[in-house]
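This report concerns a ligand and the pocket around it. The sequence and the structure come first.

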Amino acid sequence: MSEVKEDKAFPFIEGENVSLCPLNMDHINLYAKWMNDPKIRKFERNKFPQTVEDVKKSFESKNQDVKVELYFEIWHKNDKKPIGYIGFPHIQWFIRNAFIFFLIGDTNYWGQNIATEAGKLVVNYGFSELNLHKITARTISTNMSSIRVAEKIGFTHEITLKKEVYIDGKHVDIVEYALFKEDWMKS
Ligand SMILES: CC(C)(COP(=O)(O)OP(=O)(O)OC[C@H]1O[C@@H](n2cnc3c(N)ncnc32)[C@H](O)[C@@H]1OP(=O)(O)O)[C@@H](O)C(=O)NCCC(=O)NCCS
């Protein structure tokens with residue numbers, strides 16, 4: 001894979017340590033690597049191997065006139081490289097709700113508050129630019145770091161779906177955390 005050059009980053013939202021950039025199809029091999037990583041796909045519930053073509057298609061097919069999903073690449077400003085992606089995989093414009101999804105694909109950056117920082121940026125974008133009313137974070141009940149990220153951003157537990165998915169040989173719960181625009185704007 002060719003080296004990722006800084007001039008390939010087009011920041012759309014600037015944070016302190018990360019920028020949120022449009023997805024870059026020159027980095028598609030990296031996205032495919034992240035999606036197939038055993039440490040990551042377990043929580044993403046990717047049961048089948050993803051080829052580079054599969055990953056490319058999954059992003060390209062989302063180019064609708066009215067976007068119902070929207071992703072950003074997470075670009076590490078100091079290290080000048082992409083380290084993950086984040087976005088809204090399901091936007092319902094008429095009720096102004098969306099799900100949030102975050103993935104730090106480069107596991108060397110786990111535990112450095114990156115997902116929390118990127119999450120706050122994308123939540124702020126959702127409420128203050130897209131005029132969303134409610135954002136929901138949906139995750140497996142055993143994905144403690146994802147739950148912690150949701151809590152650090154300001155989400156609160158809303159519902160638990162019992163034994164909803166099958167992971168590591170057993171059924172586990174899905175939890176949903178919610179954040180409303182009025183609460184975000186107050187904070
Ligand atoms: C979940 C994920 C995005 C977190 O990214 P990150 O940049 O490491 O997150 P942050 O550093 O902002 O916060 C992680 C928090 O979880 C905590 N944490 C990590 N492992 C934990 C565990 N086993 N139990 C409890 N807390 C844990 C960390 O201590 C940290 O909290 P703190 O700041 O209070 O100490 C990353 O691990 C990832 O991409 N995982 C695979 C994909 C995934 O699960 N995405 C979410 C799908 S909804």
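The text below describes the ligand site, then the pocket.

The model is predicted: local features require pLDDT of at least 70, side-chain atom pairs count only at pLDDT 80 or more, and totals for chains, interfaces and linings use all residues. Residues are numbered from 1 along each chain as its sequence is written, and side-chain values use heavy atoms, with hydrogens and water left out.

**Ligand shell**

There are 21 residues around the ligand, and Ile104, Gly111, Asn113, Thr116 and Lys152 come nearest (a residue is near if one of its heavy atoms lies within 4 Å). By class, this shell has 10 nonpolar, 8 polar and 3 charged residues (Ala, Val, Leu, Ile, Met, Phe, Trp, Tyr, Cys and Pro count as nonpolar, Asp, Glu, Lys and Arg as charged, and the others, Gly among them, as polar). At least two shell residues each come from β5 (97-104), α4 (114-128), β6 (134-140) and α5 (144-153), and α5 gives the largest share, 6 residues. Helices (H or I, at least four residues) and strands (E, at least two) are DSSP runs, numbered from the N terminus.

| Residue | Protein atom | Distance |
|---|---|---|
| Asn113 | backbone N or O | 2.8 Å |
| Thr116 | side-chain N or O | 2.5 Å |
| Asn143 | polar side-chain atom | 2.8 Å |

Of the 970 Å² of accessible area that the ligand has on its own, the protein covers 73% (Shrake-Rupley method, 1.4 Å probe).

**Pocket**

The ligand sits in the largest pocket (more than half of its atoms lie within 2 Å of the grid points). A pocket is an open set of points on a 1 Å grid over the protein atoms alone, where a 1.4 Å probe fits, with protein on both sides within 12 Å along at least five of seven lines; lining residues have an atom within 4 Å of a point. The volume of the largest pocket is about 1000 Å³. Its lining comprises 43 residues, of which Glu44, Phe101, Phe102, Leu103 and Asn143 are closest to the centre.

Key. Polar contact = N/O pair within 3.5 Å; in protein donor to acceptor, adjacent residues only side chain to side chain. Points joined across faces, edges and corners; volume = space filled by probe spheres on them.
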